[in-house]
Amino acid sequence: MKALKIRIEGIVQGVGFRYFTRRIARTLGIKGYVMNMDDGSVFIHAEGEEEKLRRFLDEVSKGPPAAVVTNVSVEETSPEGYEDFTIRYY
């Protein structure tokens with residue numbers, strides 16, 4: 001089990017990015033959460049098997065059709081043991 005902190009920048013709010021991310025995560029069996037940030041980016045905490053995380057990262061790096069991703073930052077972190085993948089609101 002691995003975990004990643006992912007920050008997606010660009011035109012990523014108001015384009016269905018969180019719902020897209022949740023759908024991909026649940027399809028791949030990824031646990032964690034996604035949330036919009038005050039600076040206009042999207043933050044994701046994702047946990048799962050390495051290969052599934054790699055596929056997940058490939059998908060969220062593109063985003064949904066209306067998104068324009070300009071930067072993706074990834075940092076490995078410790079798994080926290082989430083049981084589902086949810087959308088968080090700040």
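The chain has two helices and five strands, where helices (H or I, at least four residues) and strands (E, at least two) are DSSP runs, numbered from the N terminus. In sequence order the pattern is β-α-β-β-α-β-β. The radius of gyration is 12 Å, close to the 12 Å that the globule rule gives for 90 residues, so the chain is as compact as a globular protein of that length. That radius is taken over C-alpha atoms, and the rule is 2.2 Å times the number of residues to the power 0.38.

A word on the source. This is a predicted model, in which local features need pLDDT of at least 70 and side-chain atom pairs count only at pLDDT 80 or more, while totals for chains, interfaces and linings use all residues. Residues are numbered from 1 along each chain as its sequence is written, and side-chain values use heavy atoms, with hydrogens and water left out.

Of the 90 residues, 40% count as buried. Buried means under 20% relative accessible area, exposed over 50%, and partly exposed in between, with a 1.4 Å probe and protein chains only.

Now strand β2, residues 31-36. Five of its six residues are buried. Six bridges join β2 to β3, residues 42-48, and the two run antiparallel; two strands pair if DSSP finds at least two bridges between them. N36 has V42 as its bridge partner in β3. The two strands form a hairpin with five residues between them, and G40 in the turn has a positive phi of about 95 degrees. β2 is also joined to β5, residues 85-88, by four bridges, and this pair runs parallel. There, Y33 stands opposite T86.

G32 counts as buried, at 1% relative accessibility.

Next, the core. The largest nonpolar core has 22 residues, and I6, I8, F17, I30, I44 and F56 have the most contacts inside it. Such a core is a set of buried Ala, Val, Leu, Ile, Met, Phe, Trp, Tyr and Cys residues joined through side-chain atoms within 4.5 Å. Helix α1 gives the most, with five residues.

Beyond four places in sequence, the contacts of R18 are V34, M35, N36, I87, R88 and Y89.

That leaves the salt bridges, and there are five in the whole structure. A salt bridge is a side-chain nitrogen of Lys or Arg within 4 Å of a carboxyl oxygen of Asp or Glu. E50 pairs with K2, with the closest N and O atoms 3.9 Å apart. E50 lies in helix α2 and K2 in strand β1, so the pair ties together parts that are 48 residues apart in sequence. R7 and D39 also meet, at 3.7 Å, N to O. D39 counts as exposed at 55% relative accessibility, whereas R7 is partly exposed at 28%. E51 and R54 form a further bridge, at 3.3 Å, and both lie in helix α2, three residues apart, about one turn of the helix.

Note on methods:
Contact means heavy atoms within 4.5 Å.
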